Amino acid sequence: MTDVGLGSLATASVIAAPRGHGTLRRLLRHRSFMIGFSVILLLTLAAVLAPLISPVDPSAMRVRLRFRPPSSQFLFGTDMFGRDVFTRVLYGARVSLFVGIAVCVISGLCSAIIGVIAAQFRKLDGAIMRLMDALMSFPAILLALGIAAALGPRVSSVIIALTVAYIPAGVRIVRAAALTVREMDFVHAAQVSGASSLRIVTWHILPNCLSPLLVHLTFIFAYAMLAEAALSFLGVGIQPPIASWGNIIAEGRDYATEAWWVMLFPGIAISLAALSLNLLGDALGDMLDPRLKGGE
Amino acid sequence: MIMPLLSVRNLTVQFRVDSGWVTAVDDVSLDVGEGDCVGIVGESGSGKSVTALSILRLHQRATTRIPSGTITYQGQDLLRERGSTMRRIRGSEIAMIFQDPMSSLNPVLTIADQISETLRQHQGLTGVAARKRVVELLGLVRIPDATRRADDYPHRLSGGMRQRVMIAMAIACKPRLLIADEPTTALDVTIQAQILELLRDLRKELKMSVMLISHDLGVIAEFAQSVIVMYAGRVVEEAPVAQLFRRPVHPYTVGLIAAVPKLDSDAPRLATIAGRIPGPQEIIVGCRFSPRCALVQPRCRDEPPLMQPVSDGQSARCPPRILVLGERHG
């Protein structure tokens with residue numbers, strides 16, 4: 001499945017860009033992009049195809065099979081209720097990846113819009129940034145905890161809570177970048193040639209602020225998965241028995257000394273996802289910076 | 001009398017500082033006729049660029065005010081026009097190029113993207129038509145291999161090339177007035193000469209007026225027809241270029257011309273004007289140049305001098321010198 005997908009992509013890019021000008025072709029040549037992309041693709045496929053890969057019910061408890069170490073029967077062992085950890089990690093990928101991606105995308109969009117507004121409309125700047133300072137003065141996890149508790153334990157409220165918690169940092173990053181960019185001569189040059197403010201913001205300022213935000217968002221993805229785990233552990237996030245990488249770890253924590261495998265494998269999954277997203281983010285940062293584009 | 005293309009009358013521009021408002025440009029009047037090339041010369045902080053930016057109304061509205069003066073372009077008072085009218089004028093009627101070509105181009109857009117932006121804005125050109133015009137413009141500013149260069153990002157061009165791209169952007173919509181704010185200052189001397197030559201040719205070809213701002217008298221002498229000398233926010237002398245160099249009137253102009261290095265001189269040090277330009281916050285009641293002036297008289301310190309005609313086309317803001325010169329000639 002994976003091979004077929006990549007193979008056809010590669011062929012398509014060769015046809016589309018024989019001269020090496022295409023972004024796609026450059027991406028395919030970029031090693032860290034390819035590693036990151038493959039791992040994320042694998043994890044996503046694992047999440048989507050979970051019922052096919054492991055036909056066991058992730059919530060099925062078998063008390064007699066508690067704490068079985070990893071073996072050929074239970075690839076990742078079993079937990080304190082005798083549930084198959086491998087199956088739970090597969091199903092957990094659905095929730096964790098979805099929460100991570102949703103938080104990344106929504107908080108990224110909001111940060112970009114709010115940040116640029118703050119930088120561009122100086123009258124709103126004070127109000128916006130004080131609000132962000134107020135939000136930032138709470139630890140992100142505490143803020144998310146409060147919001148998630150108020151909204152009730154659902155996936156959607158976890159996403160909303162984490163989005164709100166991570167927006168202030170993103171806004172600061174975009175605003176700082178936009179403030180630098182808006183003073184640059186090419187923005188003046190655009191004004192001189194009669195461009196409207198909206199055009200200047202979308203065409204000149206925003207694209208020049210995206211690299212730092214993108215890098216920041218790859219971290220946010222990892223943070224969001226971990227924070228989701230914490231929220232689930234504290235009882236305001238995803239409720240058991242639904243598996244997420246976070247609450248598998250949370251549940252396994254009490255038995256860490258006897259059954260290390262319960263925590264280890266979802267932990268590896270989180271690290272893998274976070275690492276590959278960092279690689280992706282780095283690669284995208286390179287791609288978006290025209291100075292680093294290779295050329296003939 | 002024929003109306004000039006651009007006429008600035010008694011323009012005063014002030015900036016907000018902590019303690020109130022300081023005057024950056026004080027009572028400046030100047031005319032740019034159709035096809036004229038006017039040079040504005042002065043030290044840093046003399047108000048040259050502020051004057052230019054005021055013409056296009058490009059100051060921060062919150063921190064700038066223009067308490068008096070009019071800027072008339074083809075009968076329109078630019079200071080009273082609506083924002084949308086100003087946007088139409090910028091780029092299509094009056095264009096501007098800046099000092100630093102390294103930062104004047106957006107690093108994430110290709111050359112073609114940036115030039116066609118202006119074309120789209122003012123002439124509605126898109127797609128193939130815009131592309132064709134971009135290549136044409138790049139050829140016009142003498143960029144070799146224009147078809148391929150169009151798809152380059154700015155970082156792949158040298159400073160001189162970037163300035164050519166800036167000029168291509170500025171002339172894209174055939175403006176009638178080009179304001180060039182120190183266009184060659186950041187370039188080395190050979191490139192400087194090439195850019196000036198390009199500007200000179202384009203001016204003839206497109207029949208546009210040019211307002212050239214520079215602190216380099218050499219550039220002004222080579223390029224301008226008439227010169228305006230500014231000092232500390234005020235115009236101190238105005239003259240046709242030959243006249244200015246042959247017979248400078250204001251002691252500041254005399255000092256400036258004396259400070260130009262001469263190839264045939266064996267003086268061990270370059271001539272300088274003693275002292276420094278006063279900051280806009282310093283209050284000087286009389287002539288602003290009086291603290292540095294070798295010919296200063298008591299009355300110079302009492303009241304601000306007025307612009308007075310000296311001879312045909314030349315006027316200066318220094319009554320004592322004009323009196324002396326007049327006696328010598330009479």
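## Around helix H1 of chain B

Helices (H or I, at least four residues) and strands (E, at least two) are DSSP runs numbered from the N terminus. This is a predicted model, in which local features need pLDDT of at least 70 and side-chain atom pairs count only at pLDDT 80 or more, while totals for chains, interfaces and linings use all residues. Residues are numbered from 1 along each chain as its sequence is written, and chains are lettered from A and ligands numbered from 1 in the order in which they are written.

Helix H1 (residues 48-55) of chain B has eight of its eight residues buried, so it is largely enclosed by the rest of the structure. A residue is buried if 20 or more other C-beta atoms lie within 10 Å of its own, exposed if 12 or fewer, and partly exposed in between, with C-beta atoms placed from the backbone. The buried residues of H1(B) include B:Lys48, B:Val50, B:Leu53 and B:Ile55.

## Two loops with positive phi

B:Lys207 has a phi near 50°, a positive value in a residue other than glycine. B:Lys207 sits in the loop between helix H7 (189-206) and strand E8 (209-214) of chain B. With 11 other C-beta atoms within 10 Å, B:Lys207 is exposed.

B:Ala232 also has a phi near 50°, again positive in a residue other than glycine. The loop that holds B:Ala232 runs between strand E9 (226-231) and strand E10 (234-240) of chain B. B:Ala232 counts as buried, because it has 24 C-beta neighbours inside 10 Å.

## The sheet of chain B

Eight strands of chain B form an open sheet with mixed pairing, in the order E6-E7-E8-E3-E9-E10-E12-E11. E6 and strand E11 (308-311) of chain B are at the edges with a single partner strand each, so one side of each is left without a neighbour in the sheet. Neighbouring strands of this sheet are turned by 20° against each other on average, direction ignored; axes are lines fitted to C-alpha atoms, for helices over the stretch in contact, and angles run from 0 to 180 degrees between N-to-C directions.

Strands of a sheet pair through backbone hydrogen bonds, either parallel or antiparallel. E11(B) pairs with strand E12 (residues 314-316) of chain B in the antiparallel sense, over three bridges; two strands pair if DSSP finds at least two bridges between them. B:Pro309 has B:Ser315 in E12(B) as its bridge partner.

Chain A has 13 helices and zero strands. Of its 296 residues, 40% count as buried.

Two residues are in contact if their C-beta atoms, placed from the backbone, lie within 7 Å. Leaving aside neighbours within four places in sequence, A:Leu162 is in contact with A:Val103, A:Ala144, A:Ala224, A:Ala227 and A:Glu228.

## Where the chains touch

The contact takes 17 residues from chain A and 26 residues from chain B. H2(B) supplies the largest share of the side of chain B that touches chain A, five residues. By class, this side of chain B has 12 nonpolar, nine polar and five charged residues. Ala, Val, Leu, Ile, Met, Phe, Trp, Tyr, Cys and Pro count as nonpolar, Asp, Glu, Lys and Arg as charged, and the others, Gly among them, as polar.
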